[in-house]
Amino acid sequence: MRSAVVWFIVCVPFWVIGIKKIQSVSKGSVREKMTLALAGAFIFILSALKIPSVTGSSSHPTGVGLSAILYGPFVTSILGTIVLIFQAGLLAHGGFTTLGANTFSMAIAGPIVSYLIYKGLAKKNRTLAIFLAAAVGDLATYVVTSFQLALAYPSADGGVMASFIRFGMVFAVTQVPLAIIEGLLTNVIMNILDKYNAKEVEA
């Protein structure tokens, strides 16, 4: 219970800034609002695709790379949190007690990685930047999740680090191919937005 509270508190600053930024975006044109809604829907649809992994666990794409590219990590923290709340309540995916931890890994850590990768590579090769932002951001989510689980369930014979490696290996079996698919799909969506919603994407 203590760890749940800690992760929740860590998320609060991102939520506060994210709400202010999302309010600014929502005051824009209808097209801007539609693009924001698309980013949220993309997260919801992809992250709802649970795929069984080894040892009874499950993996799924995150979809946060698109929002991180378009709006940055703070807005994405709000969209991701909303999605996680809906999934916990409607799909029994995740849970309310783990909302803070899930939010930090999927809606904060992953988007930060995606945003930094895109900003660092976009001027050199935008297509590659989009792919890596989405794919590596997805993987970053599960690296953080593995660390969170390792802290909660340290191995008796190797401590947190041994547990971290074991959880990471479990997730990697399904998450690496999922991350590649997410990177390709995010590029497809960005190409569509560039074609039909170029001004909003540029903004």
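Q: How much of helix 3 is covered?
A: Helix 3 is mostly covered, since seven of its eight residues are buried. This is a predicted model, so everything we say here is about a prediction.

Q: Which residues of helix 3 are buried?
A: The buried ones in helix 3 are Val 64, Gly 65, Leu 66, Ser 67, Ala 68, Ile 69 and Leu 70.

Q: And what happens just after helix 3?
A: Gly 72 comes there, and its backbone takes a positive phi of about 90°.

Q: How much of the chain is buried?
A: Of the chain's 203 residues, 46% count as buried. The chain exposes about 10,500 Å², and carbon and sulfur atoms supply 72% of that area.

Q: Which residues does UniProt annotate as "transmembrane region"?
A: The UniProt record, which is an unreviewed entry, gives that annotation to residues 34-52, 64-87, 99-118, 130-152 and 164-185.

Q: What does the chain look like over residues 130-152?
A: Residues 130-152 are 100% helix and 0% strand, and their end C-alpha atoms are 33 Å apart. Residues 164-185 are also 100% helix and 0% strand, with end C-alpha atoms 29 Å apart.

Q: Back to a single helix, then. How far does helix 2 reach?
A: Helix 2, residues 30-47, has 18 residues and reaches 26 Å from its first C-alpha to its last, which is close to the 26 Å expected at 1.5 Å a residue.

Q: Which residues of helix 2 are buried?
A: In helix 2 the buried residues are Thr 35, Leu 36, Ala 39, Gly 40, Phe 42, Ile 43, Leu 46 and Ser 47. They cover an arc of only 150° around the axis, and therefore they lie on the same side of helix 2.

Q: So what is on the other side of helix 2?
A: Val 30, Met 34 and Ile 45 are on that other side, and they are exposed.

Q: Let's pick out Phe 42. Why does Phe 42 count as buried?
A: Phe 42 counts as buried because its relative accessibility is 7%, and the cut-off for being buried is under 20%.

Q: What is Phe 42 in contact with?
A: Leaving aside neighbours within four places in sequence, Phe 42 is in contact with Gly 63, Leu 66, Leu 185, Thr 186 and Ile 189. Thr 186 is 144 residues from Phe 42 along the chain, yet their C-alpha atoms are separated by 9.2 Å.

Q: Where does Gly 63 lie?
A: Gly 63 lies in the loop between strand 2 (58-59) and helix 3, and it is buried, with a relative accessible area of 0%. Apart from neighbours within four places in sequence, Gly 63 is in contact with Phe 42, Ile 43, Leu 46 and Glu 182.

Q: New topic: where is Pro 73, and is it buried or exposed?
A: Pro 73 lies in helix 4, residues 73-91, and it is buried, with a relative accessible area of 12%. Setting aside neighbours within four places in sequence, its contacts are Ala 107, Pro 111, Ile 112 and Tyr 115. The C-alpha atoms of Pro 73 and Val 113 are separated by 8.7 Å, although these residues are 40 apart along the chain.

Q: Last one: what does Thr 103 touch?
A: Not counting residues up to four places away in sequence, Thr 103 touches Cys 11, Trp 15, Thr 81, Leu 84 and Ile 108. Thr 103 lies in helix 5, residues 99-121, and it is buried, with a relative accessible area of 0%.

Notes
Residues numbered from 1 in each chain as written. Predicted model: local features only at pLDDT ≥ 70, side-chain atom pairs only at ≥ 80, totals over all residues. Heavy atoms only, no water. UniProt positions renumbered as here; feature names shortened; annotations may be inferred. Helix = DSSP H or I, 4+ residues; strand = E, 2+ residues; numbered from the N terminus. Expected span 1.5 Å × (residues − 1). Buried < 20%, exposed > 50% of the residue type's maximum accessible area, 1.4 Å probe, protein only. Arc of directions from axis to C-beta. Areas by Shrake-Rupley, 256 points an atom, 1.4 Å probe, with all protein chains shown as cover. Contact = heavy atoms within 4.5 Å.
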